[in-house]
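Here are a few exercises to work through with the model open on your screen. Try each task yourself before you read its solution.

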Amino acid sequence: MNIVWDFSDRHVMVTGAAAGIGRATALGFAAAGARVSAVDMNAEALAETAELSDRINGRTCDLADSGAIRSLVEAAVSEQGQVTVLVNNAGVDRRIPFDTQTEEQWRWMLSVNLDHHALLSALIAPGMAEAGGGAIVNMSSTAWMKLAGNLTAYHTAKAGIVGLTRGLARDLGPKGIRSNAIAPGRVVTERVAGEVSDEWVAETQVLQCIPDLIRPSDIADCAMWLASDAARMVTGQCIVVDGGVV
Ligand SMILES: NC(=O)c1ccc[n+]([C@@H]2O[C@H](COP(=O)([O-])OP(=O)(O)OC[C@H]3O[C@@H](n4cnc5c(N)ncnc54)[C@H](O)[C@@H]3O)[C@@H](O)[C@H]2O)c1
């Protein structure tokens, strides 16, 4: 079954859009007619994303820098109008043993995985409300539910994203803004595709109820559903897209 989404003339901001899930999401919204602000700190890879569609505008920004986030929002809104769909997707799953990590590493992990979700949402929500409402989609993960090792800071951020998502749903719902999260399972992005062994594929197919690999476009499709009117009464949820890991 083919689903045709229509985001004609909506301004959609997708972070972490230079690669993987973010790139697939930016392309999905662009194909559905949106004007897309694709945000990433990797300028070179971001330019490659922007070359894939003339509806995508690449905006280089380090989301660990709150001043840069403020400038990003100002420029994006003044050039392309109010953002009515925000996909907070950028993240880094750096493995750091908890007992040897430095305070600086801990703060950095929360900054690149959690803080910018909150700051971007706070800066964009007033304009979104003024424009009649919209949707925020935050990228969590199943990693913290499955207890993967050496990822405590990442788990803290990804679990925090679910709390943030629910708080935003409560506070922004009366203003016409829905807030949901996606928790992807094992997604085969370009970054990991080259490292995937036959054993990993076989293990994944046994772990999942659906014995197929999860592609970035599977997560993009979920983000588009959550942002669409088809999910008009869905808010405060975290949708697990993991092929049914048991
Ligand atoms: N791939 C998976 O299996 C998987 C599973 C669960 C959750 N996730 C989450 O989905 C999201 C996307 O994952 P992915 O696999 O596509 O990752 P990816 O590494 O392929 O892409 C992430 C992008 O975010 C950008 N980024 C990182 N830090 C940034 C910063 N400070 N400022 C601006 N841009 C920054 C990177 O440059 C990169 O382009 C992440 O939040 C990740 O935690 C991924």
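Helix axes here are lines fitted to C-alpha atoms over the stretch in contact, and angles run from 0 to 180 degrees between N-to-C directions. Keep in mind that this is a predicted model.

**Exercise 1. Describe how α4 and α6 pack: at what angle, and how far apart are their axes?**

Step 1: Helix α6 covers residues 152-172, and its axis lies 9 Å from that of α4, at an angle of about 15°.
Step 2: Angles under 35 degrees count as roughly parallel, so α4 is roughly parallel to α6.
Step 3: Look at the handedness next; α4 passes α6 in a right-handed crossing.
Step 4: Now find the side chains. From α4, the contact includes Trp106, Met109, Leu110 and Leu114, and from α6 it includes Tyr154, Ile161, Leu164 and Leu168.
Step 5: Sorted by class, the residues of this contact are 13 nonpolar, five polar and one charged.

**Exercise 2. Turn to the other neighbour, α3: at what angle does α3 cross α4?**

Step 1: Helix α3 (residues 66-80) crosses α4 at roughly 30°, and the two axes come within 10 Å.
Step 2: The cut-off of 35 degrees applies again, and α3 and α4 are therefore roughly parallel to each other.
Step 3: The crossing of α3 past α4 is right-handed.
Step 4: On the α3 side you will find Ser66, Ile69, Arg70, Val73 and Val77, while α4 brings His116, Leu119, Leu120, Leu123, Ile124 and Gly127.
Step 5: The contact of α3 with α4 holds seven nonpolar residues, three polar and one charged.

**Exercise 3. Trace the sheet: what is the order of its strands, and which strands are at the edges?**

Step 1: The sheet is open and has seven strands, in the order β3-β2-β1-β4-β5-β6-β7, with parallel pairing.
Step 2: The edges are β3 (56-60) and β7 (238-241), each of which pairs on one side only.
Step 3: From one strand to the next, the twist averages 20°.
Step 4: Zoom in on one pair. Strand β1 (residues 11-15) runs parallel to β2 (residues 35-40), and five bridges join them. Here Thr15 stands opposite Val39 in β2.

**Exercise 4. Which residues come nearest to the ligand?**

Step 1: The ligand has 27 residues around it, of which Gly16, Gly20, Gly91, Ser141 and Val187 come nearest.
Step 2: Helix α1 returns here, giving the largest share of the shell with three residues.
Step 3: The shell is made up of 14 nonpolar, eight polar and five charged residues.

Methods: Residues numbered from 1 in each chain as written. Predicted model: local features only at pLDDT ≥ 70, side-chain atom pairs only at ≥ 80, totals over all residues. Near = placed C-beta within 6 Å. Helix = DSSP H or I, 4+ residues; strand = E, 2+ residues; numbered from the N terminus. Nonpolar A, V, L, I, M, F, W, Y, C, P; charged D, E, K, R; others polar. Pairing = 2+ DSSP bridges. Parallel < 35°, antiparallel > 145°, perpendicular 65-115°, else oblique. Left-handed = near helix turned anticlockwise from the far one by under 90°. Contact = placed C-beta atoms within 7 Å.
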